[in-house]
Amino acid sequence: MINEGLNQLHKEDKFSKEIFENICHKSPIVPKNREKIIANALWSGFQKDFIAAIYLLCPQVENIIRDQLKKIKVRTSNLDKNNIETYNSPEYSFKIT
């Protein structure tokens, strides 16, 4: 179904990498220093290079989630005595109200 949808989009519209960059630039959740890499990942998916898209998007989505959690004061990492940051494991549960 994804291929069918992409084929239809390719037939009907002209999408460019710049469109994806513009979307990322205007997105309130895409960090300013990660706009290009996320746009490249989305473009890869649009071009049906799903391996590259997933490889690029997974760490970016994790970063976006951590960033959004930090904004609502959820602790996503810890500093040890040597100021080395360790990310909390996804196994930790937390309650957002």
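Tutor: Before we start: two residues are in contact when heavy atoms of theirs lie within 4.5 Å. Keep in mind, too, that this is a predicted model.

Student: How do I read the spacing of residues along a helix?

Tutor: An α-helix has 3.6 residues a turn, so residues three or four places apart point the same way.

Student: What span should helix α4 have, and what do its end C-alpha atoms give?

Tutor: Helix α4 covers residues 50-71, and at 1.5 Å a residue its 22 residues should span 32 Å; the end C-alpha atoms sit 30 Å apart, which agrees. Look out for a bend of about 30° at L57, with a proline, P59, following within four residues. Just past α4, K73 has a positive phi of about 70°.

Student: And which residues of α3 are buried?

Tutor: Those are E35, I38, A39, A41, W43, S44, G45 and F46. The buried residues of α3 pack against α1 (2-12), α2 (17-26) and α4.

Student: What's the general idea behind a nonpolar core?

Tutor: In soluble globular proteins, nonpolar side chains tend to be buried together. Here the largest nonpolar core has 9 residues: L6, F20, C24, V30, I38, A39, W43, F46 and I64. The largest share, 4 residues, comes from α3.

Student: Leaving aside neighbours within four places in sequence, what is F46 in contact with?

Tutor: With that exclusion, F46 contacts L6, L9, H10, F15 and F20.

Technical notes
Residues numbered from 1 in each chain as written. Predicted model: local features only at pLDDT ≥ 70, side-chain atom pairs only at ≥ 80, totals over all residues. Heavy atoms only, no water. Helix = DSSP H or I, 4+ residues; strand = E, 2+ residues; numbered from the N terminus. Expected span 1.5 Å × (residues − 1). Bend = angle between axes of the 7 residues up to and from the residue. Buried < 20%, exposed > 50% of the residue type's maximum accessible area, 1.4 Å probe, protein only. Core = buried A, V, L, I, M, F, W, Y, C linked by side-chain atoms within 4.5 Å.
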